[in-house]
Amino acid sequence: ECSATQTWDKQFETFAEHIRKGLWMKDGKQICTGWQHEEGCTTPRHDAHHICSGCGAATHGAQKCPRAQKVVATDPV
């Protein structure tokens, strides 16, 4: 369960909640977890919405969200 009310950088209010292995919009609609991965969803038909769990955009999943926390290299070569 995730009860965060703001994004990692405190710049935006959270758009979704993680409840019992599922992603849900604050209005109670389910978000497709497969869509959040780099490769996207492979299920042709289901009731979950194909929107980003980070910002709500339909153009990308969470892995490509501009609001996502960036990975910082700790041991550059």
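View 1. Starting at the N terminus, the elements of the protein chain go β-β-β. This is a predicted model, and its protein chain has three strands and zero helices. Picture a box of roughly 45 × 30 × 20 Å along the principal axes: that's what the C-alpha atoms fill. For contacts between residues at least 6 apart in sequence, 23% link residues at least 24 apart.

View 2. Of the 77 residues in the protein chain, 22% are buried. The chain exposes about 6,000 Å², and 51% of that comes from carbon and sulfur atoms.

**View 3. The largest nonpolar core.** Five residues make up this core: Ala 16, Leu 23, Met 25, Ile 31 and Ile 51. In soluble globular proteins, nonpolar side chains tend to be buried together. Take a look at Met 25: leaving out residues up to four places away in sequence, Met 25 touches Phe 15, Ala 16, Ile 31, His 49 and Ile 51.

**View 4. A salt bridge.** Side chains of opposite charge can pair when their charged atoms come close. Here the count is one salt bridge, and the partners are Asp 27 and Lys 29, with their closest N and O atoms 3.7 Å apart. Asp 27 has 51% relative accessibility, so it counts as exposed. Lys 29 comes in at 42%, so this residue counts as partly exposed.

Methods: Residues are numbered from 1 along each chain as its sequence is written. This is a predicted model: local features need pLDDT of at least 70, side-chain atom pairs count only at pLDDT 80 or more; totals for chains, interfaces and linings use all residues. Side-chain values use heavy atoms; hydrogens and water are left out. Helices (H or I, at least four residues) and strands (E, at least two) are DSSP runs, numbered from the N terminus. Buried means under 20% relative accessible area, exposed over 50%, partly exposed in between (1.4 Å probe, protein chains only). Contact means heavy atoms within 4.5 Å. Accessible areas come from the Shrake-Rupley method with a 1.4 Å probe; for residues, only the protein chains shown count as cover. A nonpolar core is a set of buried Ala, Val, Leu, Ile, Met, Phe, Trp, Tyr and Cys residues joined through side-chain atoms within 4.5 Å. A salt bridge is a side-chain nitrogen of Lys or Arg within 4 Å of a carboxyl oxygen of Asp or Glu.
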